[in-house]
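I opened this notebook page to record what I looked up in the structure. The entries cover confidence, nonpolar cores and one annotated span.

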Amino acid sequence: MKFSIPTPGGGRGLALFSKLIRTKDLRKLQEEDPSSTKPKLTKCLTTLDLTSLGVGSCCGTGMYLVAGMVARNIAGPGVVLSFFIAAVASIFSGACYAEFGVRVPHTSGSAYMYSYVSVGEFVAFVIGWNMILEYLIGTSACACALSASFDSLSGGFIGRSIAASVGTIFGRPPDFIAFGITLVMTCILALGASKSVLFNNVLNTVNLASWVFILTAGLFYVDTNTWTEHEGFLPFGWSGVFTGAATCFYAFIGFDIIATTGEEAHNPQKSIPKAIVGSLVIVLIVYVTSSFILTLVVPYDHIDSGSALVQMWTYVGAPKCRALVAIGATAGLSVAMFGSMFPMPRVIYAMAQDGLVFRHLAQLWARTGVPGIATIGSGIAASLVALTVQLEVLVEMMSIGTLLAYTLVSTCVLILRYQPHSTSLVDLLPAQLRTPQPPSTPDPSVQQRVKTNVMVKKITRGSPDSDDSFGEESPEGFMGRDDQFLVSDRSENKFYGAVHGAPQGSSNPFSLWGCDAIGRKVQQYSYLCPGLFPWVKAGPATHETGMYVTKLVGLMYVCIFLLDLFMAVGLTGTFFALAYTVLVFSIITILIVISRQPQNRYALSFLTPGLPFIPTIAITVNIYLIFKLSILTLVRFTVWM
C-alpha cells in the first residue's frame, strides 16, 4: 500500500515543501576539493586559539557580573553549587556540539550548518537568524556594560554630560561610548582572523591574570565566618541554589563560537571537541574559585551585585587591588564582547554562500581573508543597537536564540545516532516529500530496507570475502560511505551499541586527551552489565528501529514540554504533584526503551557519551530556561523573526 499525503496546490505545494526541507550533502562538506574556485576562509586557528575564544566569550560577564548578582539576590554562598549544576547542563550541550563539529567539519556557521545538514533549509534559515540575533544582542550588551563601567569610574559624569547636551532616545541618553567601542572592535575584526585572535589572546591573558590575582590576594582576606554567621551557607535554601543555576547557565553560553570556526581551524575534527570541552572546564574552574573567594571575603548580603569582584576590595579597604581588578574586568568584558562579534559575520557568510541572505555578504577580502561586507555591516548594526537600546532589554533577549539552537543540536544528535544510514532527519519522511533526486540516484529508503535483509558478516581484509575497494589512502574516520562494517583493519568493529565488548577505535573520547588507558578501563566496565544481562538489542540499526526511536523522541518531547511548562509556571498542589510524578516516570521509561535500541556505525573521532540521557538532560534544561524568559522577550523575538 502506497503512502500519499495531499498537499495544497498539487505539484507546486509539493515542490515548495521539498525546497523547504532540502538538506546539504554531508559528503561534499567533508571532502575538500582542491580544484574548487570557491573562496575559502583562511585556515589559521589552532586548538589553543579555539579554546581561548571559548574561554573569552564566557569568562567576562560571568565572573564579574553574574557571580555577584546570584550570590547577593538568589543563592548566597550557594552560588558555588549553582555554578556546578549549570556547568553540568552546559557541558551536556557542549558534548552534542562537539559531535556535530566532527560530523560536519570544514564549515562555518555552527548550529546553522548542522541544522542545514540534518533538518533542512527552512529550519536552518530560522536557526541562522536566531544566532545572528544572539550575537548582535550579546555584542551590544557587552558594549553597554563596558560603557557603564567607564561611566561609574567617572562618577556618572559622562552620562550626565551626554544627557545635558543631547537629550534622551527611548527614555535614556544615547550611549556614544558603546557606539565607539563597537566600531573599534569591528575594525579589529576586519584585520583578519589571525590578528583578531591574537588580540583576543592578549585580552584573555590579562583577564586570567586578574583571576589569579583575585585568588592569591583574596586569600589574605578570607573569613570563614561569612559562611556560618550570616544565615549559613544556604540562606535561600536549595531552591535558591537551583534558581541560581538557571541564571548561572547563561554565564556558560558562548562556547558555540568554537563551532563557527570549522573552516578556519587547521584540524577541526580534533580541535573543535577538545576546545569545547576544555573551555567549559576552564570556565567552570574560574567561576567556582572566584565565587568561592568572593563569598568568603564579603558576606553575601554586603555584595555589590553590579560589580562584585571590583567592589570587594573597597569592602576590605584595598584601593590598589581594586584598581588592578578593574583593569582585569575591563579586559574580561572586552574579550566577552569580542566573543560575540567574532562569529556573527561567519554565520552571515555561511548563509550568504547558500543564498539565504544577499550573496554579496559572502565576498572575502583578498588582503585579510575575512567576509568584509558582513563584518562591517554586522558591526555597524551592533553599534546602532548599543547606541539606542537599554542594557536590561538586551540581556533579556540575548539567550533565546542560543537556547533554541542548543535544543535543536541536542535533538539531532539524539535521533541521528539511532538511524541506520541517515545523516539527515529528512530521510525519515516519505520519498515523495523529499527533494526530487536524479533518475540515476536510488531512493535511500529503498536502499535501507534492502540492506536490512542482508546478513552481515565480520570480514577482515585478509579473508576471501573481503572488499578492498577502500584503499589504504582512505582517511580514518571517513564518513563518505555508511556501510563501514566492511572496512579495513584500522576501523574494524565500530558497532556503536550493537556489539558488546568490541573495540571502538578512535571513537573513544578519552583518546582526545591522551588518556587511552583510562578510556580502555572505562570501556571494559561499561560493557560488564550488558554482557551479563544483554541490554542493547543485538544487530545493527535498521530503518524500523530508527523510526521507532524517532516516535519515542516525539512522545518524550511532549512530556518534557509539559513538565518544563508546569515547573516554569510554578504549579503546585496534589494534582500537579501527581502530574510531575507521571511525567518524570514517563520520560525515564522512554529513555530506558530508547537505550535498548542499536545505534549506527559512524566512525567518528568524538561521540557524545551517555546517549540518550545526556542529550535529553540538555533538551530539558534548555526548554525550561526558554519558558523562564519573560513574555515581552518572547514577543520581541517573534517580531524579530
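The entries below follow the order in which I looked things up.

**Confidence.** I noted first that this is a predicted model. I looked up the mean pLDDT of the protein and found 78, with 75% of its residues reaching 70 or more.

**Stretches under 50.** I found that pLDDT stays under 50 over residues 1-5, where the model has five contacts beyond four places in sequence. I recorded a further stretch, residues 436-510, with pLDDT below 50; the model gives this stretch 116 contacts beyond near neighbours in sequence.

**Nonpolar cores.** I looked up the largest nonpolar core, which has 143 residues. Phe83, Tyr97, Tyr112 and Phe252 have the most contacts inside this core. Helix H3 (residues 47-75) supplies its largest share, 13 residues. I also recorded a second, separate core of five residues, among them Leu133, Ile137, Ile400 and Leu629.

**Phe252.** Which residues does Phe252 contact, leaving aside its neighbours within four places in sequence? I listed Cys58, Phe83, Ala86, Ala87, Ser90, Leu280, Val283, Leu284 and Tyr287. Of these partners, I had already noted Phe83 among the residues with the most contacts inside the largest core.

**Annotated span.** I consulted UniProt, where an unreviewed entry lists residues 606-641 as "domain: Cationic amino acid transporter C-terminal". In the model, I found this span to be 72% helix and 0% strand. The C-alpha atoms at the ends of residues 606-641 lie 34 Å apart.

Key. Residues are numbered from 1 along each chain as its sequence is written. This is a predicted model: local features need pLDDT of at least 70, side-chain atom pairs count only at pLDDT 80 or more; totals for chains, interfaces and linings use all residues. Side-chain values use heavy atoms; hydrogens and water are left out. UniProt positions are given in the numbering used here, feature names are shortened, and annotations may be inferred rather than shown by experiment. Helices (H or I, at least four residues) and strands (E, at least two) are DSSP runs, numbered from the N terminus. A nonpolar core is a set of buried Ala, Val, Leu, Ile, Met, Phe, Trp, Tyr and Cys residues joined through side-chain atoms within 4.5 Å. Buried means under 20% relative accessible area, exposed over 50%, partly exposed in between (1.4 Å probe, protein chains only). Contact means heavy atoms within 4.5 Å. pLDDT is the predictor's confidence in each residue, from 0 to 100.
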